[in-house]
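Here are my notes after a pass through this model. Have a look at it first, then read on.

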Amino acid sequence: MEFKIKVEKLEDGGYMATVDWDAADGGKVGTHGGVVYADSAGEAYEIYKGRLEAKGHTVVES
């Protein structure tokens, strides 16, 4: 499946990465890579991307 990753800034200053379900081609079938929390947006994105790719998914970068 192909997914886009959404990174959001949290109130505590950290970042959270999840699947962008509005752009996912597989519909809302579950959180494939869980949720990643990190100190920077780039770090959260890269960790989440690695999790999805390890499960055989493709990450579409926009």
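The points below go from the overall layout to the core and then to the charged pairs.

1. Ground rules. This is a predicted model, so to speak of local features takes a pLDDT of at least 70 and side-chain atom pairs count only at pLDDT 80 or more, while totals for chains, interfaces and linings use all residues. Numbering starts from 1 along each chain as its sequence is written, and side-chain values use heavy atoms, with hydrogens and water left out.

2. Layout. The protein has one helix and five strands, in the order β-β-β-β-α-β from the N terminus. Both kinds of element are DSSP runs, numbered from the N terminus: helices are H or I with at least four residues, strands are E with at least two.

3. Burial and surface. Of the 62 residues, 34% count as buried; that means under 20% relative accessible area, with exposed over 50% and partly exposed in between (1.4 Å probe, protein chains only). The protein exposes about 3800 Å², and carbon and sulfur atoms supply 44% of that. These areas come from the Shrake-Rupley method with a 1.4 Å probe.

4. Core. The largest nonpolar core has twelve residues, among them Phe3, Ile5, Tyr45, Leu52 and Val59. By nonpolar core I mean buried Ala, Val, Leu, Ile, Met, Phe, Trp, Tyr and Cys residues joined through side-chain atoms within 4.5 Å. Two or more residues each come from β3 (15–19), β4 (36–38) and α1 (41–54), and α1 gives the largest share, four residues.

5. Val59. Which residues does valine 59 contact, leaving aside its neighbours within four places in sequence? The list is Phe3, Ile5, Tyr45, Lys49, Leu52 and Glu53, where contact means heavy atoms within 4.5 Å.

6. Salt bridges. There are two in the structure, each needing a side-chain nitrogen of Lys or Arg within 4 Å of a carboxyl oxygen of Asp or Glu. In one, glutamate 61 pairs with lysine 49, with the closest N and O atoms 2.8 Å apart. That pair links distant parts of the chain, twelve residues apart: glutamate 61 is in the segment after β5 (58–59) and lysine 49 in helix α1. Lysine 49 counts as buried, at 17% relative accessibility.

7. Glu8. Glutamate 8 sits in strand β2 (residues 5–9) and forms a salt bridge with lysine 6 (3.7 Å, N to O). Both partners are partly exposed, glutamate 8 at 32% relative accessibility and lysine 6 at 34%. Leaving aside neighbours within four places in sequence, glutamate 8 contacts Gly14, Tyr15 and Met16.
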